[in-house]
Amino acid sequence: MNKTFSIIKPDATKRNITGDINKIIEENNLRIIAQKRILLSTDQAKNFYTIHKEKPFFNELINYMTSGPVVVQVLEGKNAVQKYRDIMGATNPDNAKDDTIRKKHALNVQENSVHGSDSDENAKIEIDFFFQKDEIIS
Ligand code: CMP
């Protein structure tokens, strides 16, 4: 079993579709083993997305990610990182395959409803950023 980190983003919490996203996650054999609804501070968002700090969309991304509640999650399953990336679909919903979360729900390349880790190494870093060990129940 592997773990990955997920964020259900402000565009999705605003539209009250976290349940639908969780249903897709569970139908695809990933288990939600930790979950909480939080408001990201500007510092937290900047730290989390520090890899994108030179990108032209960085400031807009931080404003968006702090514009409303997010749901941060730890997902567990076989090949969890790749599995969740497959379920999410491409970053830009225009390029996302059918039956993916982003094809169904994302509004555009920024307001793309979900984030998922891109490697096992980053999954660990991202999980540790948001969760204490005793908040995760496998
Ligand atoms: P995520 O997978 O969380 O990783 C970085 C985020 O930046 C991405 O999802 C989008 O929300 C956002 N993003 C990526 N590319 C662009 C872009 N070209 N314009 C605006 N936002 C983007």
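Predicted model: local features only at pLDDT ≥ 70, side-chain atom pairs only at ≥ 80, totals over all residues.
Residues are numbered from 1 along each chain as its sequence is written, and side-chain values use heavy atoms, with hydrogens and water left out.

**Exercise 1.** Work out the strand order of the open sheet.

*Solution.* Start with the terms: helices (H or I, at least four residues) and strands (E, at least two) are DSSP runs, numbered from the N terminus, and two strands pair if DSSP finds at least two bridges between them. The 4 strands then fall in the order E2-E3-E1-E4, with antiparallel pairing. Next, look for strands that pair on one side only: these edge strands are E2 (31-38) and E4 (114-116).

**Exercise 2.** Find which residues touch the most other members of the largest nonpolar core.

*Solution.* Such a core is a set of buried Ala, Val, Leu, Ile, Met, Phe, Trp, Tyr and Cys residues joined through side-chain atoms within 4.5 Å; buried means under 20% relative accessible area, exposed over 50%, and partly exposed in between (1.4 Å probe, protein chains only). Among the 20 residues, the answer is Phe5, Met65, Val72, Phe130 and Phe131. Then ask who contributes: H4 provides the largest share, 5 residues. A second, separate core of 15 residues includes Ile25, Leu30, Leu75 and Ala80.

**Exercise 3.** Identify the residues closest to the centre of the largest pocket.

*Solution.* On a 1 Å grid over the protein atoms alone, a pocket is an open set of points where a 1.4 Å probe fits, with protein on both sides within 12 Å along at least five of seven lines; lining residues have an atom within 4 Å of a point. Of the 25 lining residues, Tyr49, Ile51, His52, Leu61 and His115 are closest to the centre. To see which element gives the most, turn to H7, with 4 residues.

**Exercise 4.** Locate Asn29 and say whether it is buried or exposed.

*Solution.* Asn29 sits in the loop between helix H2 (18-27) and E2. Its phi is near 65 degrees, a positive value in a residue other than glycine. Asn29 is exposed, with a relative accessible area of 62%.
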